[in-house]
Amino acid sequence: MLGFSRSQFIAFLIMVALIVVCPFVLYPVFLMRVLCAALFACAFNLMIGYVGLLSFGHAAYFGMGSYVTAWTMKHWHLDAFLAIGLGGLTGAALGLVLGYLAIRRSGIYFAMITLALAQMVYFFCLEAPFTGGEDGIQQVPRGRMLGFLDLSNDMTMYWVVAAIFIGGFLTIHRIIHSPFGQVLKGIRENEPRATSLGYRTDDYKLIAFVLSCAITGIAGGTKALVFGIATLTDVHYSTSGEVVLITLLGGLGTVFGPAMGALIVTAMENYLAQAGAWVTVIQGAIFMVCVLAFRRGVIGEIANWRKLTL
Amino acid sequence: MMMIFGIPAPLLFGQLLLGLINGAFYAMLSLGLAIIFGMLNIINFAHGALFMMGAFVAWALLNYLDIGYFPALILAPLIVGVFGVILEKTIISRLYKLDHLYGLLLTFGLSLVIEGLFRNAYGSSGMPYRIPSVLQGATDLGFMFMPNYRGWVVLSAAVVCLATWAIIEKTSLGATLRAATENAPLVQAFGVNVPRLITLTYGAGIALAAFAGVLAAPIYSVNPNMGTNFINTVFAVVVIGGMGSILGSIVTGFALGVVEGMTKVFYPQASATVVFVVMVIILLTRPRGLFGKAA
Amino acid sequence: MTLNRRTLIAAAAAATVPAMARAQAQPVLRIGCLTDMSGPYKDLAGPGAINAIHQALEEFGASAKGMKVEVLSADHLNKPDVGATVVRQWIDRDNVDVIVEVANSGVALAVAGIAKEKNKVYLNTGAATSDLSGSACNANTIHWVYDTFMLAKSTGGAMVKAGGDSWFFITADYAFGKALQRDTTEFVESAGGKVMGSVAYPFPGTTDFSSYLIQAQASGAKVLGMSNAGTDTINTIKQAKEFGITKKMRLAGLLLFLTDIHSLGLDVAQGIVLSDTFYWDMNDRARAFSNRYSPKNGGARPTMVQAGVYSSISHYLKTANAMGVAQAKADGAATIAAMKKMSTDDDCFGPGSIRADGRKLHPAYLWEVKSPAESKGAWDYYKPLATTPGDQAFRPLDKGACPLIKS
């Protein structure tokens, strides 16, 4: 169903049910943060999990998407749908240029070149006047979606974010299970073989990269809209690092891992914020335990234990 | 006054020298990273935190035990090195067979823990540590006023770097080490205790970081975040020099210090970004780094 | 989640039975302290700021007056989105009425927007940006303690009068640093001084300032203006001494806190000129406050940010008590308006007032750091140089472009 296996379909239903029920139990703004992080992580997972390339600079696309959405909402008073779309386009365009440079490298070198390129984007954002430096773009209005949805209401905003997340999630799933996705997996497993079969592997990788960046840009734009701010934190390398951690904690290369990881990491940040000075110590300890004890990530371990594909 | 690109020549010479001094720190830190990567195949993100520990141990020796700078220069690397050995034995040794990513994440978590603990214990604004009285004062070099301590830093760093390079490239111990990197089972078959060799290598790499930390203590504020400021640049140095290349990291460390120094004169805002520009250019043209061997 | 962190103040010392009866009838006031518990501002705000709230509650006698007050605290990790989520959650779920502190301008501006949207009270003591009472001002925000304009005026203007008429700036390349440099330049020039040059360095992440110091020295200026803060300033000062700059130039710290000087040690810091609006030893009342506060704060003397938390919460409690807790909870903007009407007076900042744009007015002081020989003991660091009265210390009301003022 929808290209899911049986176990995946059940997991998908559980996830959708949680998305529907949670805002009545938990705080919706917190949940929106989780969903934005989850979409970001799913987009990132497309690269690491299915192309086998670790991008250490995804904050660049997330942050630029966030800046463009925030700026167009604040100064042009665009419809939220258009502004988020522009955020996604910005991510894609930037991904095309930087990806073109980076895609020829693999392994640790790909990670390093994406990091270096992202640092340059960070520098641009720091210097460019439209980003407002470290104060960021503040007090961005949420505006209206498609002309009739008033997003200033938290619950309306929540349903929009939930729709964007599920849409993005299914798009990524569709990409993975398309013939294009099969070629990607082929490239990941054995690139020379894929080349010998006549595939231009670099082009395939670049397209995947651009798609990943586009969805990342959408996630960034959505986040800017939810909080009404776009700041340097979004383009900083620590954000790139965070998405790696989210994906790893949830389970690299699993369909549901990134969403689970986003939930865990965001909850940690949110609730540990009140644990005062111990935040970073606890975070660090959790990452160490994760790498040492359950390397497949939460979803990966469950899948392995129950012999399921998730 | 002679001018070069609109800048007075003495000022430019001064900046070159200062760049070289900063390069000394990059060289020492990236050297440790390169050794650890070459031998253990671990990208040691905790390097910055261990550098910071070196500075803090020196501060603690002075404040609690009244042990001064020069003994600390030996003792602090030893203490932190032993800590490194314990880390390797208990945690890091579990990751050798895995992808680089896991080592990177584990050591990243480790650095969060170490820095967080120090921040809780000592606050974030830092501790004072004085320049030893022998090295106080400055020398007039004609083109600039050179603090004696900075001269000491660049000299001792150069000596330590060269000594490390010589041990690895010119001694039989170094030969065994290099052989173990190439083919561990074979070297083990010759009766060499490879796991112990690896442990000691990690300890030595960490000791180098701690040594740099002690050197840095009198110049920079001894505070829990002092390592994070360095770590990105140092990673860039290792990549540009060629991952795991000993000579590459030393030469690139000093060279990048100079490049950064020049940027500070002509376009200071970009001085933190320039290393990444260099890194992109190198990765696009010579992906194995300046001194890296072709795979 | 937050319950275990809540500290119930009211429970302890409910004195008389009538007070008890009244307390039960009254709603609970909730104060949220959003601060930096793990990053660079931990020492100057952080746990000490939370202690300052408790000090204010105790001395006001909140529980004896029958007020129930809870204090919540959280770490914003210096990330605006983390700070924004915490504050929204506090207001929406935990019924928090007052947000206090918030050191970090990016987070502070985000919180100001939320306070306005939700009609709550926001008392900022830790952020530097003068936009909080300027273009980003609103009817729910009061900016206590200091801002970039005041720092620039106090340090820039007074230094020129004291003979420091040529300046060179070392500036952190971000909005805060640039604003400080721009404002200070204006005061230096209007006082008849001139600026010989400046250099902007990347922020954050710069540890070595020697290159910039050499450029500063080559400019021949008499004063080195450090438009940066925290560890950066500490490193600049340490290295300035190392390179012998301090022999030829005077160092002017545009934003230095008591804890920074403590970290540097007088040996290195002596002779630096800086502006603070509060110093623990500046008069009898300040000393009395500090002596009450320090034992609970591990012996450390309060910084001006921590004193500001005490002062702002004291004034808020007075206002809330006068207008009734229920009304204070119901309408943040009305509470802020009442706070503006009432003149302020406390041990830290003495008598003062709050202006229509939300700027708290009090004098600004220029200090010089003592030499080790002059210092009589721990934390005895400053000697006074000049005072700017409260009505002149801050940006004139009509220059701030605050939307509240035009209408």
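In this predicted model, 22 residues of domain 1 of chain C are in contact with 19 residues of domain 2 of chain C. On the side of domain 1 of chain C that touches domain 2, two elements of chain C give two or more residues each: helix H12 (284–293) and helix H13 (304–323). H12(C) supplies the largest share of that side, 3 residues. Sorted by class, this side of domain 1 of chain C holds 12 nonpolar, 7 polar and 3 charged residues.

Both domains of chain C are built from two segments of the chain: domain 1 covers 3–146 and 283–362, while domain 2 covers 149–281 and 363–390. The C-alpha centres of domain 1 and domain 2 of chain C are 29 Å apart.

A further contact joins two chains. It takes 26 residues from chain A and 28 residues from chain B. On the side of chain A that touches chain B, the elements giving two or more residues are helix H5 (107–127), helix H10 (237–250) and helix H12 (279–293) of chain A. H5(A) gives the most to this side, with 10 residues. By class, the side of chain A that touches chain B consists of 19 nonpolar, 4 polar and 3 charged residues.

The table sets out the classes for the two sides described above.

Strands in a sheet are joined through backbone hydrogen bonds, in either a parallel or an antiparallel manner. E12(C) pairs with strand E13 (residues 350–354) of chain C in the antiparallel sense over 3 bridges. Within this part of the sheet, C:Asp346 stands opposite C:Gly350 in E13(C).

In chain B, helix H4 (residues 100–122) comprises 23 residues. From its first C-alpha to its last, H4(B) reaches 33 Å, close to the 33 Å expected at 1.5 Å a residue. Just after H4(B), B:Gly123 adopts a positive phi of about 75°.

Methods
Residues are numbered from 1 along each chain as its sequence is written. Chains are lettered from A and ligands numbered from 1 in the order in which they are written. This is a predicted model: local features need pLDDT of at least 70, side-chain atom pairs count only at pLDDT 80 or more; totals for chains, interfaces and linings use all residues. Domain bounds come from an automatic or database domain assignment. Two residues are in contact if their C-beta atoms, placed from the backbone, lie within 7 Å. Helices (H or I, at least four residues) and strands (E, at least two) are DSSP runs, numbered from the N terminus. Ala, Val, Leu, Ile, Met, Phe, Trp, Tyr, Cys and Pro count as nonpolar, Asp, Glu, Lys and Arg as charged, and the others, Gly among them, as polar. Two strands pair if DSSP finds at least two bridges between them. The expected span of a helix is 1.5 Å times one less than its number of residues.
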